[in-house]
Amino acid sequence: MILSYATILDILFPKFCIHCEREGSYLCEDCLSLINILEEQYCPFCQIPKITRNGKTCNNCAKLKNLDSLFCAVSYENLLIKKTIKLFKYEPFIKELSKHLTGLIIAHLQILKEKPQADFVIPIPCHKHKLKKRGFNQATEIALKLSKFLEIPLLDDVLIKTKQTPPQMRLTRQEREENVKGVFLCKKPEIMVDKKILLIDDILTTGATIEECAKILKNAGAKEVCAIVVARGIINN
Ligand SMILES: [Zn+2]
Ligand SMILES: [Zn+2]
C-alpha cells in the first residue's frame with residue numbers, strides 16, 4: 001500500500017482539536033458546530049449594529065467611507081472563534097486552520113444564498129518583515145481558498161503594506177485609523193480601473209485597516225470595494 005504524503009504527515013504529526021483535544025483535525029466537527037454562523041449582515045462601520053441588506057455600508061457611513069459592503073461569517077465574541085483566530089495568527093503550524101475559517105465564511109454565504117461576484121479577490125496584506133517572521137499571511141491563506149470557491153482570481157502582489165505598524169489590538173478607535181494611514185500602496189493602479197474588488201481578512205474590529213485599503217483601491221480607480229471577514233470584534237473606545 002502506498003500512503004499519500006498527507007497520510008504520512010498525519011501519522012507522523014497527528015492533529016488534535018484545539019478545543020476538545022480529540023485526535024483527527026485541528027477543529028473537530030462537534031466543536032465547529034458550536035460556532036454560530038451569522039444569518040444577518042450589518043453596516044461595517046456603525047458602532048451600534050445596524051442590519052443592512054448584503055452588509056451594505058449604511059447611507060450615513062457611506063458619506064465618509066470607501067468600503068461598500070461587508071460579509072462577516074461569525075461573531076468574534078464566540079470564545080472558540082477567539083481562540084481559533086488567535087492561534088491562527090501566532091502559531092504557524094496551525095496554518096491549516098484557514099480551511100475551517102474559510103469553511104465558516106462559505107457556510108455563512110450559503111445560509112444567505114449569496115455568491116459574491118468580483119473581478120479580483122485581494123487579501124489584506126501584511127508587511128514583508130512580518131511575513132518573513134511568521135511564514136504566512138493569514139488573510140492570504142483564507143483568500144486563496146475563497147478565490148477557488150468563488151471562482152474569482154486572486155491578486156496578492158498588487159496591494160502591499162509599505163510600513164510596519166504596531167498591532168491594532170490595544171489601540172483606540174481613533175488611534176487605529178491613524179496607525180494605518182498611508183501604510184498601503186497599490187502597485188499597479190491601472191489594473192483596478194472600473195473593477196470590483198473583494199478584500200479578505202480574518203477579523204474586522206473598527207474597520208480601519210480594511211477602510212484604508214478600500215480608499216487606496218478606490219483612489220486607484222476601483223468602482224466597488226467589498227470585504228469578507230471571518231469574524232467581527234467590538235471595541236468600546
Ligand atoms: Zn473538538
Ligand atoms: Zn453605518
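On the scale used here, a residue is buried if 20 or more other C-beta atoms lie within 10 Å of its own, exposed if 12 or fewer, and partly exposed in between, with C-beta atoms placed from the backbone. The model is predicted, so local features need pLDDT of at least 70 and side-chain atom pairs count only at pLDDT 80 or more, while totals for chains, interfaces and linings use all residues. Residues are numbered from 1 along each chain as its sequence is written, and chains are lettered from A and ligands numbered from 1 in the order in which they are written.

K113 sits in the loop between α5 (97-112) and β2 (120-123), and its phi is positive, about 55°, although the residue is not a glycine. Most residues other than glycine have a negative phi. D194 is a further non-glycine residue with a positive phi, near 65°. The loop that holds D194 runs between α9 (189-192) and β5 (196-204), and D194 counts as exposed because it has 9 C-beta neighbours inside 10 Å.

The chain contains 10 helices and 6 strands; helices (H or I, at least four residues) and strands (E, at least two) are DSSP runs, numbered from the N terminus. Its radius of gyration is 18 Å, close to the 18 Å that the globule rule gives for 237 residues, so the chain is as compact as a globular protein of that length. The radius is taken over C-alpha atoms, and the rule is 2.2 Å times the number of residues to the power 0.38. Along its principal axes, the C-alpha trace spans about 60 × 35 × 35 Å. Of the 237 residues, 37% are buried. Among contacts with a separation of 6 or more, residues 24 or more positions apart account for 69%; a contact requires C-beta atoms, placed from the backbone, within 7 Å of each other.

Two strands pair if DSSP finds at least two bridges between them. β2 and β5 run parallel and are joined by 4 bridges: V121 has L198 as its bridge partner in β5, and P123 has I200. β5 and β6 also run parallel, joined by 8 bridges, and here the partner of L198 is C226 in β6. L198 is therefore a bridge partner of V121 and of C226. In β5, 8 of the 9 residues are buried. In β2, F120 and I122 point one way while V121 and P123 point the other way, and all are buried.

Much of this region can be followed into the largest nonpolar core, which has 53 residues. Such a core is a set of buried Ala, Val, Leu, Ile, Met, Phe, Trp, Tyr and Cys residues joined through C-beta atoms within 7 Å. The residues with the most contacts inside it are L199, I200, L217 and V230. Strand β6 (residues 224-232) gives the most to the core, with 7 residues. Both domain 1 (1-34) and domain 2 (37-232) contribute residues, so the core lies between them. L199 touches I122, I124, I210, C213, A214, V225 and A227, leaving aside residues up to four places away in sequence.

The division into domain 1 (1-34) and domain 2 (37-232) comes from an automatic or database domain assignment. Their C-alpha centres lie 28 Å apart, and the contact takes 7 residues from domain 1 and 8 residues from domain 2. On the side of domain 1 that touches domain 2, 6 residues are nonpolar, 1 is polar and none is charged. In this classification Ala, Val, Leu, Ile, Met, Phe, Trp, Tyr, Cys and Pro count as nonpolar, Asp, Glu, Lys and Arg as charged, and the others, Gly among them, as polar.

I191, in helix α9, is partly exposed, with 16 other C-beta atoms within 10 Å. I191 and G221 are 30 residues apart in sequence and 8.6 Å apart in space, C-alpha to C-alpha. L79 belongs to helix α4 (residues 79-90) and counts as exposed, with 11 C-beta neighbours inside 10 Å. L79 and K133 are 54 residues apart in sequence and 27 Å apart in space, C-alpha to C-alpha.

Methods:
Two residues are in contact if their C-beta atoms, placed from the backbone, lie within 7 Å.
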